[in-house]
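Work through the exercises below with the sequence and the model at hand. Each task is followed by a solution in steps.

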Amino acid sequence: MGIPLDLILIQTVNGIVTGMILALVASGLTLIFGIMDVVNFAHGELFMLGAYFGVLVLAATGSFWVALVVATLMVALLGAVLQVTTLRPLIGRDPLMTILTTFGISLVLQNYALWQFGPVARKISEPVTGHFPLFYLEYPVYRLVIALLSAAIIGALWLFLKFGKYGIWIRATMQDRVMAQAMGIPVPWVYTAVFAIGAGMAAASGVLFGPMVGVHHAMGLDWILRAFIVVVVGGMGSLGGSVAAAIFISLLEAYASIWVSPAQAAIVSFVVLILTLLFRPTGLFVPTPK
Amino acid sequence: MSAPAAEALVEVEAIHTHYGKSHILDGVSLRVGPGEVVGLLGRNGVGKSTTLKTIMGLVRPSQGQVRLEGELITGLPPHHLARLGIGYVPEDRRIFRLLTVMENLRTGLDRAGVAEARKQALLQKVYDYFPVLAERRSQPGGTLSGGEQQMLAIARAMMLEPKIILLDEPTEGLMPRMVSQISEIIRVLRREHVAILLVEQNVPLTLAVSERVYFMEKGTIRYHAAAAELHAGDAVVQQYLGI
Amino acid sequence: MMKRHATLYWSGFSVVVALLALAPLVLPEYWRRFLTEILVWGLLAMSSDILIGYTGMVSFGHSAFFGLGVYGAAAALLTVKPPSLWLAIVYGLVGAGAVALFVAYFSTRLRDIYFAITTLIFSQIFYVIIFTWTEVTGGENGLTFRKPALAIPGLFSIPFDTRTLHWFVLAVVALSYLLLRRITQSPFGMVLQSIRENEARTRAIGYPVERYKIAAVMLSGLFAGLAGVLYAIQKSFAAPDFVFFVTSGQTVIHNVMGGIGTLVGPIVGAGFFLLLHEVLSRFLTEYYLIPVGIIFIAMVIFMPQGLLGFARRWLNR
């Protein structure tokens, strides 16, 4: 059977595009877990709210880019408020409680969206139209824009963590919460900031992804599951690992869907997860700890 | 024994702490004057580290108070205390292993309200005192030797420009050559008018650098004397530190 | 003193069971079914408590065990004629047991948070499989079937109506409760609790912790599957919705609201949650989950011992 080379190349592009968005969602999740030890079940809903706020701001201002920025900030602020009211009281308690709380938050946010926006899906129109020829396809330029922007945001995050003053605070807190405090770093606020950043990233992904699918209250559910798989496969807390895992899994799924339906191609990520758990449970893309 | 300093810098009043059902600190009181070096000696497990942790806000006392310059600080979060001027150098150093030496120092250096010029001067001063750290400034903390890590831990605390540094067993696990370096570092801190509350098991070092010494046993202070009046071989020393 | 405690306990138990048995005689049809449903969800929550409350393993995988119980029962009732209740139970338990074994094998080696996430992902895997394997499972539309009769071939056959079904479910749940109570108070149960308290120490003492954990997951999975079978019989249909991870999430909510580690607590929690749902949905139609979610979050923060734990403290004053 001849391997359809052009199909493979097209799917490579698709895989990378989806992979970058997934990476953006997963990085926020892994950041929150790595630094605060919180498994944020509400992450998918923050993604969804980002998309909805994007719809609203777009309608009000007519500019996609303004919508992207404003929606990100709004959800980041919401994230900060949520962390201070519901997660801060739980610091030091059984981690089970934070899992439950974020699950509760996800329920509330999902139903809030349903209540406010109704069950009918909304649409965000692409900010950049136009296609370019990729083999026999007219490939939407917008998809490349999403991939590039996601990469840029993740890159910006990495730079912030590596060089900024607050980046050092965050990294110090991640390594040794107690000594970070002893050095004057206000750890409770670092946690709030990290949660807000993670939430903002989820929101940005939601807005970016909006034009590709409809915006509806349950859109977070698909993504949260894939994001969790990516985070486990990539190594919990590892930013680079999440990005690598996201692209890896998306590529595999894209290739698989040449031969099977997309719903079945999802099995690929499950298989990768199972293999990871069996052979390298700390993560495929992190060096095995000594 | 001379009268304690009229205006204490740090005052610990009858602290009791518990861990679950165990009564770790059973009424500890001590004071450290401004710029004073005070030793806290005792066997393993008597509660010396816990006393330091309580002062630093890492452990909450069930009873008693801690004061800094007369103000109550019991129950304040550690990051607040660090900014008020208490530096903490724990047992086993606990530097940030994945951060570079420079980044380790920056965690204490990047404080609000400090001019850039002063930060640079502070950094330079520390590099002058610890040339090894200057050499290794871009290396991850985890790659430093034990002695170098100890220096980094102390230098990091100095970045806070503290009024007092709580030093927990700085010579533990270090080679004799390094021990005398610690001694020298303590003298440097003295010159900078930084008070030190030194927890140690190394008696000669402690007696050499401290002005006063407390002896602890089973969660309380049992004896208190000026260092000048004590010698390592004294009966009282043997009583609280001997096997 | 111990004896008095035991008598108090058993009289309390009998009173509750008697009340639950009499209820269908006085309640209207709708509420009879409601009560039966509380019992089924209660059984599911109780099974989850074995893991969360007694072994200290938070699982979001119960929707898979439950779902396999539902579909297993459906398989029996659709493929074997005449539809047999007992066969449905067997098929359901086997299905749930197989899934539990699978989940147990992978998950028991992981620590808390990883375990929770992995069980979540696994339960979703089963959801996807059930959803997409349309030929076998009916996909999105599910499967419908007739209720079997409560029958012992050759002896008697009683068709299920809301009352008889309720009594059957009550009997199964009560027996399950007694059985689980026995197990949790046995040496096996003590080891599980010791794992919850301090896994490292339990291992150091010499217990094969992994094997105990696998056993706990299997036990939990079997009873969750049983709940699934009961649910299938009550509803007369099987749908992928039951296997969606929200079912797992709601189960955990029941556990926490009722009080983990108490066996009875989760049943109370399920009742409380379903009642809240019922009451609030009258006023707020679809958005009842918003206040329920907020109440849940508030309970996690302020009442982590759950309703039962709270009541216990209040009674001890």
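**Exercise 1. Determine in which sense β7(B) and strand β8 (residues 195-200) of chain B pair, and over how many bridges.**

Solution. Begin with the pairing: β7(B) and β8(B) run in the parallel sense, joined over 5 bridges. Strands here are DSSP E runs of at least two residues, helices are H or I runs of at least four, and both are numbered from the N terminus; two strands pair if DSSP finds at least two bridges between them. Within this pair, Leu166(B) stands opposite Leu197(B) in β8(B). Next, take the other neighbour: strand β6 (residues 86-89) of chain B and β7(B) also pair in the parallel sense, over 4 bridges, and Val89(B) stands opposite Leu167(B). Finally, follow the chain: β7(B), helix α7 (residues 176-191) of chain B and β8(B) make a right-handed β-α-β unit, meaning that, with the strands pointing away from the viewer, the path from the first strand over the helix to the second runs clockwise.

This is a predicted model, in which local features need pLDDT of at least 70 and side-chain atom pairs count only at pLDDT 80 or more, while totals for chains, interfaces and linings use all residues. Residues are numbered from 1 along each chain as its sequence is written, and chains are lettered from A and ligands numbered from 1 in the order in which they are written.

**Exercise 2. Identify the residues that touch the most other members of the largest nonpolar core.**

Solution. A nonpolar core is a set of buried Ala, Val, Leu, Ile, Met, Phe, Trp, Tyr and Cys residues joined through C-beta atoms within 7 Å. The largest one has 259 residues, and Val194(A), Ile164(B), Leu166(B) and Ile196(B) touch the most other members. Its largest share, 16 residues, comes from helix α8 (residues 187-209) of chain A. As a worked case, the residues touched by Ile196(B) include Val37(B), Ile164(B) and Leu167(B), not counting residues up to four places away in sequence.

**Exercise 3. Describe the contacts between the chains.**

Solution. Contact requires C-beta atoms, placed from the backbone, within 7 Å. Of the 2 pairs of chains that touch, A and C have the most contacts. That contact takes 29 residues from chain C and 31 residues from chain A. On the chain C side, α5(C) gives the most, with 12 residues, and the division is 22 nonpolar, 5 polar and 2 charged. Here Ala, Val, Leu, Ile, Met, Phe, Trp, Tyr, Cys and Pro count as nonpolar, Asp, Glu, Lys and Arg as charged, and the others, Gly among them, as polar. In the second contact, 21 residues of chain B meet 16 residues of chain A; the chain B side divides into 10 nonpolar, 3 polar and 8 charged. Chains B and C do not touch, their nearest C-alpha atoms being 14 Å apart.

Conventions: Buried ≥ 20, exposed ≤ 12 C-beta atoms within 10 Å, placed from the backbone.
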